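Here are my notes on the model you sent. Please read them with the structure open.

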Amino acid sequence: MGLLQPEAGLLFWMTLAFAVVFVLLAKFGFPVIVRAIESRKAYIDRSLDDAREAERRLRELDAEGRALRAAAEQERGTILREAAEMRERILQEARSKADEESARIVAAAREQAEAEREAILQDARHQVALLSIAITEKMLRGHLNDEASQTQLAEKILGEMEQGKIRKEV
């Protein structure tokens, strides 16, 4: 016969061989292949679930990280604000202490200057008094040679003292 038409015996043995191979594959091969495919499918499903879980955790961690950054920024702002307030308070205290100290120093300098001024004025008054006495003494010695002139001057001074014209200076 020809190539396109197989003989009946050949067709029988081919069918029998196909049936035996199919039965053997169905009994031993297909379950192994099906298990391998199912285990591969389960592995892929687990991997997808793990990827989804990892993505969910990543989103949670990202949100948590943003929250921590926001909290850290807020804490940093609070710390900076407190530091600025503390710096201002310290500067204000230092300024007030410096003002008090300068006022105390100025007051002490004024008191010392006033005391020195008083001492200088006292000394000047004393010197003027001594000079006045010396000049008066010399003038009186020159003009009051006789007793009548001396009596007349003493009466004049007593009269002015009674009227309050001459002050008593110390």
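How many residues apart are Arg-104 and Glu-101, and in which helix do both lie? They are three residues apart in helix α1, about one turn of the helix. Keep in mind throughout that the model is predicted.

1. **The Arg-104 and Glu-101 pair.** The side chains of these two residues meet in a salt bridge, with 2.3 Å from N to O. Arg-104 has a relative accessibility of 48%, so Arg-104 counts as partly exposed. Glu-101 is also in the partly exposed class, because its relative accessibility is 35%.

2. **Overall make-up.** The protein chain has two helices and zero strands. The chain runs to 170 residues, and 2% of them count as buried. Its accessible surface is about 15800 Å². Carbon and sulfur atoms account for 62% of that surface.

3. **Helix α2.** This helix covers residues 147–163, which makes 17 residues. Does its length agree with what a helix should give, or disagree? At 1.5 Å a residue, α2 should span 24 Å, and its end C-alpha atoms are 25 Å apart, so the two values agree. Cover is another matter. α2 is hardly covered, and the count of buried residues in it is zero.

4. **Salt bridges in general.** How many salt bridges does a search of the whole structure find? The total is 12. The background is simple: side chains of opposite charge can pair when their charged atoms come close. Two more examples follow.

5. **Asp-45 and Lys-41.** A salt bridge joins these side chains, at 3.7 Å from N to O. Why are Asp-45 and Lys-41 separated by about one helical turn? Because they are four residues apart in helix α1, which covers residues 8–143. Asp-45 has a relative accessible area of 35% and is partly exposed. Lys-41 is at 54% relative accessibility, so Lys-41 counts as exposed; the cut-off for that class is over 50%.

6. **Asp-49 and Arg-52.** Here the side chains meet in a salt bridge of 3.1 Å, N to O. Asp-49 and Arg-52 are three residues apart in helix α1, so about one helical turn separates them. Asp-49 is at 45% relative accessibility and therefore counts as partly exposed.

7. **A nonpolar surface patch.** Which residues make the nonpolar surface patch of about 760 Å²? Phe-18, Val-21, Phe-22, Leu-25, Phe-30, Ile-33, Val-34 and Ile-37 make it. One of these, Phe-30, lies in helix α1. Phe-30 is partly exposed, with a relative accessible area of 36%.

8. **Aromatic pairs.** The structure holds three aromatic pairs. Phe-18 and Phe-22 form one that is stacked, with 6.1 Å centre to centre and 20 degrees between the planes. Both residues lie in helix α1, four residues apart, about one turn of the helix. Are Phe-18 and Phe-22 exposed or partly exposed? Phe-18 counts as exposed, because its relative accessibility is 59%. Phe-22 is at 45%, so Phe-22 counts as partly exposed. Phe-22 also pairs with Phe-30, and that pair is edge-to-face: 6.1 Å centre to centre, 70 degrees between the planes.

9. **Putting the rings together.** Ring pairs link Phe-18, Phe-22 and Phe-30 into a cluster. These three residues are also among those that make the nonpolar surface patch. When you look at this part of the model, view the ring cluster together with the patch of about 760 Å².

Methods
Residues numbered from 1 in each chain as written. Predicted model: local features only at pLDDT ≥ 70, side-chain atom pairs only at ≥ 80, totals over all residues. Heavy atoms only, no water. Buried < 20%, exposed > 50% of the residue type's maximum accessible area, 1.4 Å probe, protein only. Areas by Shrake-Rupley, 256 points an atom, 1.4 Å probe, with all protein chains shown as cover. Expected span 1.5 Å × (residues − 1). Salt bridge = Lys/Arg side-chain N within 4 Å of Asp/Glu carboxyl O. Patch = residues over 30% accessible without salt bridge, like charges linked within 9 Å, V, L, I, M, F, W, Y side chains within 5 Å. Phe/Tyr/Trp six-rings, centres within 6.5 Å; stacked < 30°, edge-to-face > 60°.
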